[in-house]
Amino acid sequence: MSTFTKVLDRWLTVTTAAAIIVMMLHIVTHALARSVFHTPIYGTNEIVEYWYLPIVALLGIPAAQLQKEHITVTMAIERAKPATAAVFTVFACALGALVSIAFAWFGLGKALQNTAIGSTADVSAVITWPVYYLVPVVFVLLGVLYVLHAVAILRRRTTAGEEK
């Protein structure tokens, strides 16, 4: 794992854990305030739904990619020769990168649209448009991770071929 991916993995883990902890504290404080003082914290449900959960869910996507925890089907490449398996894996990485960039492009369009209208949560005044920018950031990052994985595979194959 390169220095970039180690730092990124650490940052994603710490940020996601912090979001979960802050979300739990927010919810517990809201429940206590509602029960004890009969004054709930305004917009808690919207903040959890539109801020905390998207942060946790979206940051988990590149974290899973970094930690090789995505679900994979390896039937085809387990039985293939190493060179063929490398070609299929590089193709899958390229396809994953293209799909990720397409999601990022679509997400950027939605984020710009929500910024233009000043998007808020359903019936409250809790603003939500900034969190929409997390979608293009996360998917560009995922696309970069796919490319780095493909490059690592190609380097391994080139180095292994030169050693023979």
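Because the model is predicted, local features are given at a pLDDT of at least 70 and side-chain atom pairs at a pLDDT of 80 or more, while totals for chains, interfaces and linings use all residues. Residues are numbered from 1 along each chain as its sequence is written, and side-chain values use heavy atoms, with hydrogens and water left out.

Helices here are DSSP runs (H or I, at least four residues), numbered from the N terminus. Helix α1 covers residues 3–36, which is 34 residues, and it reaches 49 Å from its first C-alpha to its last, close to the 50 Å expected at 1.5 Å a residue; the expected span is 1.5 Å times one less than the number of residues. Its buried residues (buried means under 20% relative accessible area, exposed over 50% and partly exposed in between, with a 1.4 Å probe and protein chains only) are T5, L8, D9, L12, T16, A19, M23, H26, H30 and A33.

Just after α1 comes H38, in the loop between α1 and α2, and this residue has a positive phi of about 55° although it is not a glycine. K68, in the loop between α2 and α3, likewise has a positive phi of about 55° without being a glycine. H38 is exposed, with a relative accessible area of 64%, and K68 is exposed at 57%.

H30 belongs to helix α1 and is buried, with a relative accessible area of 11%. Not counting residues up to four places away in sequence, H30 touches P40, I41 and T44, where contact means heavy atoms within 4.5 Å. H30 and R79 are 49 residues apart in sequence and 54 Å apart in space, C-alpha to C-alpha.

T44 lies in helix α2, residues 44–66, and is buried at a relative accessible area of 3%. With residues up to four places away in sequence set aside, T44 touches H26 and H30. S124, by comparison, is found in the loop between α4 (82–117) and α5 (134–163); S124 is buried at 11%, and, leaving aside its neighbours within four places in sequence, is in contact with Y42 and E46.

The table lists polar contacts made by these side chains. A polar contact is a pair of N or O atoms within 3.5 Å; within protein, one must be able to donate a hydrogen and the other to accept it, and residues adjacent in sequence count only if both atoms are side-chain atoms.

| Side chain | Partner | Distance |
|---|---|---|
| T44 | H26 side chain | 3.1 Å |
| T44 | H30 side chain | 3.2 Å |

**Aromatic pairs**

Rings of Phe, Tyr and Trp (its six-membered ring) pair if their centres lie within 6.5 Å, with planes under 30 degrees apart counted as stacked, over 60 as edge-to-face and the rest as tilted. By this rule the count comes to 2 aromatic pairs. The rings of F103 and F139 have centres 5.3 Å apart and planes at 70°, so this pair is edge-to-face. The pair links distant parts of the chain, with F103 in helix α4 and F139 in helix α5, 36 residues apart. F103 is partly exposed, with a relative accessible area of 45%, whereas F139 counts as buried at 12%.

W129 and Y133 also form an edge-to-face pair, at 6.5 Å centre to centre and with 85° between the planes. W129 is partly exposed at a relative accessible area of 29%, and Y133 counts as partly exposed at 25%.

**The largest pocket**

On a 1 Å grid over the protein atoms alone, a pocket is an open set of points where a 1.4 Å probe fits, with protein on both sides within 12 Å along at least five of seven lines, and lining residues have an atom within 4 Å of a point. Grid points are joined across faces, edges and corners, and a volume is the space filled by probe spheres set on the points.

About 590 Å³ of space lies in the largest pocket. Of the 20 residues that line this pocket, the closest to its centre are T72, T89, A92, C93 and H149. At least two residues of the lining come from each of α2, α3 (75–78), α4 and α5, and α4 gives the most, with 6 residues.
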